[in-house]
Amino acid sequence: MSAELIAALSDPMVRELANRGSVRSFPKNTVIINEGDRGESLFVILGGKVKVYVSDDDGREMILDIYGAGDYVGEMSLDGRPRSASVMTLEPTICSVVTRESLKEAVASSPDFAMKLIDTLIDRARIATDNVKNLALMDVYGRVARLLLSLAREQPDGRLVVPDRMTQQDIADRVGASRDMISRIFKDLTIGGYVTVVDRIITINRKPPARW
């Protein structure tokens, strides 16, 4: 089963990396990386879904991103320093767990893989910069509108639909706001005809205005 999951990965370099690890299964809501722990492993996701998040002492969270099959998390384990964020499974998840030493060997043996890893780090640094900018310069409504538009996918009938079922708390965690604030924003967006929510599936009927 694990060999089939690895073989199904579309990126050959990610497949090669996954073959260097040991396959493990994790139940839903398992924290596989703890913020502050020493980085010792990278996780190639073979099936399932995880969230990357930061939290404070009061238990408040902000989700930085969500990743699924074919992605990998924990790449900053390369330097062996404390983890900068936590990772939790959102559903039963299967990963190939690659040790820091195996990751270093992959980087040393394959310049192409090393460049791909650098590209991933740059992309994620850009995303982090955008998130900081949005938190600093955009109001909550603007962050919600931007998130919905970034997650939405065009359907064959032309509709824009956010494919994952998201609660208002999920959205609040993604944009750094309270659930009550998200509830008020969605009420206005729904009344205005901009979005429709059925069984937690969000359809964007027309592009929300840049400012409310």
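**Figure 1. The largest cavity of the predicted model and its lining**. A search of the whole structure finds 1 cavity of 30 Å³ or more; a cavity is, on a 1 Å grid over the protein atoms alone, a set of points where a 1.4 Å probe fits but cannot get out. The largest cavity holds about 40 Å³ of space, where a volume is the space filled by probe spheres set on the points, which are joined across faces, edges and corners. Its lining consists of Met13, Glu16, Leu17, Arg20, Ala106, Ser110 and Phe113, lining residues being those with an atom within 4 Å of a point. Helix H2 (residues 12-19) supplies the largest share of this lining, 3 residues. By class, the lining comprises 4 nonpolar, 1 polar and 2 charged residues; Ala, Val, Leu, Ile, Met, Phe, Trp, Tyr, Cys and Pro count as nonpolar, Asp, Glu, Lys and Arg as charged, and the others, Gly among them, as polar. Residues are numbered from 1 along each chain as its sequence is written. In this predicted model, local features need pLDDT of at least 70, side-chain atom pairs count only at pLDDT 80 or more, and totals for chains, interfaces and linings use all residues, while side-chain values use heavy atoms, with hydrogens and water left out.

**Figure 2. Arginine side chains over tyrosine rings**. Arg206 lies over the face of Tyr194, at 4.0 Å from the ring centre. Arg124 is placed over the face of Tyr72, at 5.6 Å from the ring centre. A charge sits over a ring if NZ of Lys or CZ of Arg is within 6 Å of the ring centre and within 35 degrees of the ring normal.

**Figure 3. Helix H5 (residues 140-151)**. Helices are DSSP runs (H or I, at least four residues), and strands likewise (E, at least two), numbered from the N terminus. The 12 residues of H5 reach 17 Å from first C-alpha to last, close to the 16 Å expected at 1.5 Å a residue, the expected span being 1.5 Å times one less than the number of residues. H5 is mostly covered, with 9 of its 12 residues buried, including Tyr141, Arg143 and Leu151. Buried means under 20% relative accessible area, exposed over 50%, and partly exposed in between (1.4 Å probe, protein chains only).

**Figure 4. The loop between strands S11 (195-198) and S12 (201-204)**. Phi is positive in both residues, near 55° for Asp199 and near 70° for Arg200. Most residues other than glycine have a negative phi. Asp199 is exposed, at 53% relative accessible area, whereas Arg200 is partly exposed, at 41%.

Key. On a 1 Å grid over the protein atoms alone, a cavity is a set of points where a 1.4 Å probe fits but cannot get out, and a pocket is an open set with protein on both sides within 12 Å along at least five of seven lines; lining residues have an atom within 4 Å of a point.
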